[in-house]
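Biologist: I am new to this model. Please take me through one part of it closely.

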Amino acid sequence: MALSKKERRLTIWIGISIGVACSSMLVRYALKQKEYKAQQRPGNYASGMTASNAKKFPPLPVSVTRNIPNGIVVFHELNKSIEESTELSNQWILETSGSFRSERLFVLVEEDQNSTQEPKYFRASEIYVRMRPEKEKKDLELTLNNEVHKIIGFNRKSEEYIVQIKEIDPSSIRANLNYFREKSSLIANARIIPWVP
């Protein structure tokens, strides 16, 4: 027995509706499972332990957990400020979470111990380097340790090279900044890049 044209259309629409509903439910289930797994990972905010070495870390400021929900605490230090200050500050390196690998980013969050200001945010894996006027990219390349540093771009606005660093704990970021700043005959300035949540 053959179906009429109207019955075929109805059957097709019912099939499409069931397919869309099933795929929607599967996507929601997959996202919930992903979120659950992220909450179980070492370094989640509630764990109080860093993902890199299972060290305890103090609770993050509420504004940070609001600005970077579901992040992972990779490192924590209570040390001098990254920005050449002698003040002690809490420094967390967070991995932001995203649906895709390209949406993940390492962020340095710095909270001054003696201040009521909001924490500062920086990109943890990149340093901007401005060369002296008479120096060129090849001069910079000669001074870089290829196992630790890599030039990944050039910011035309600020005329600075973007150097990616391999080790991103706060002490290593500080050491890399000092490394570049000590080469004052070649490098005019080295800085970490602010990040806006």
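In which sense do strands S1 and S2 pair, and over how many bridges?

Modeller: A word on the basis. This is a predicted model, where local features need pLDDT of at least 70, side-chain atom pairs count only at pLDDT 80 or more, and totals for chains, interfaces and linings use all residues. Residues are numbered from 1 along each chain as its sequence is written, and side-chain values use heavy atoms, without hydrogens or water.

Now the strands. S1 (residues 72-80) and S2 pair in the antiparallel sense, over eight bridges. Strands (E, at least two residues) and helices (H or I, at least four) are DSSP runs, numbered from the N terminus. Two strands pair if DSSP finds at least two bridges between them. Lys80 stands opposite Leu88 in S2.

S2 has another partner. With strand S3 (residues 106-112), S2 pairs in the antiparallel sense over seven bridges. There, Trp92 stands opposite Val109 in S3.

S2 covers residues 88-95, and seven of its eight residues are buried. Buried means under 20% relative accessible area, exposed over 50%, and partly exposed in between (1.4 Å probe, protein chains only).

Next, the nonpolar cores. Such a core is a set of buried Ala, Val, Leu, Ile, Met, Phe, Trp, Tyr and Cys residues joined through side-chain atoms within 4.5 Å. The largest has 23 residues; Ile127 and Phe180 are among those with the most contacts inside it. S4 gives the largest share of this core, five residues. Apart from it lies another core, of 13 residues, including Phe57, Val64, Val73 and Leu94.
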